[in-house]
Amino acid sequence: MIFLQATAQTGAGMFSPFLMLIIVFVIAWFFMIRPQQKRQKEIQKFRNAITVGQDVVTAGGIYGTVRSIDEASNTLMVEVANGVKIKVDRNSVYATAQPAQ
């Protein structure tokens, strides 16, 4: 009888660490992974909605205006100064440029 009680307590005690591990994972997902996934979806939505004439900033910090879009190669032709155009990958564009103050 005492042996059965000891076994029952040990079984319940082993379940507790697994439950805590699951709770920690759920909290980590809710506060870290989920917001990152939402942010990535917003960035992808922005990249897909880029239009000609839009001001953008590249991953390298280059400000420019989109002059043409090549859907086949997924690239943009960005004008960074009068007559100076560079070809950048669409995935390297991160934000709409804010006007200089």
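Five strands make up an open sheet here, in the order β4-β3-β2-β1-β5 and with antiparallel pairing; strands count as paired if DSSP finds at least two bridges between them. This is a predicted model, where local features need pLDDT of at least 70, side-chain atom pairs count only at pLDDT 80 or more, and totals for chains, interfaces and linings use all residues. Residues are numbered from 1 along each chain as its sequence is written, and side-chain values use heavy atoms, with hydrogens and water left out. Helices (H or I, at least four residues) and strands (E, at least two) are DSSP runs, numbered from the N terminus.

- β2 and β3 run antiparallel and are joined by five bridges.
- Ser68 has Met77 in β3 as its bridge partner.

**The core and a buried threonine**

- Eight residues form the largest nonpolar core: Phe46, Ile50, Val56, Val66, Leu76, Val78, Val88 and Val93.
- For the record, such a core is a set of buried Ala, Val, Leu, Ile, Met, Phe, Trp, Tyr and Cys residues joined through side-chain atoms within 4.5 Å.
- Thr58 belongs to strand β1 (residues 55-58) and is buried at a relative accessible area of 8%; the labels run buried under 20%, exposed over 50% and partly exposed in between, using a 1.4 Å probe and protein chains only.
- Beyond its neighbours within four places in sequence, Thr58 contacts Val88, Ser92, Val93 and Tyr94.

**Salt bridges**

- The count is two salt bridges, each needing a side-chain nitrogen of Lys or Arg within 4 Å of a carboxyl oxygen of Asp or Glu.
- One of them pairs Glu79 with Arg67, with the closest N and O atoms 2.6 Å apart. Glu79 is in strand β3 (residues 75-81) and Arg67 in strand β2 (residues 63-70), so this pair ties together parts 12 residues apart in sequence.
- Glu79 is buried at 16% relative accessible area, while Arg67 is partly exposed at 39%.
- Arg90 and Glu71 also meet through their side chains, at 3.2 Å from N to O. Arg90 lies in the loop between β4 (84-89) and β5 (93-96) and Glu71 in the loop between β2 and β3, so the pair ties together parts 19 residues apart in sequence.
- Arg90 counts as buried at 6% relative accessibility, whereas Glu71 counts as exposed at 56%.

**The helix and the aromatic pair**

- Gln44 is part of helix α1 (residues 2-48) and counts as partly exposed, at 35% relative accessibility.
- Between Gln44 and Arg90 there are 9.8 Å in space, C-alpha to C-alpha, though the two are 46 residues apart in sequence.
- There's one aromatic pair in the structure. The ring centres of Phe30 and Phe31 are 5.3 Å apart and the planes are at 85°, so the pair is edge-to-face.
- The pairing rule takes rings of Phe, Tyr and Trp (its six-membered ring) with centres within 6.5 Å; planes under 30 degrees apart are stacked, over 60 edge-to-face and the rest tilted.
- Phe30 counts as partly exposed at 44% relative accessibility, and Phe31 as exposed at 58%.

Methods. Contact means heavy atoms within 4.5 Å.
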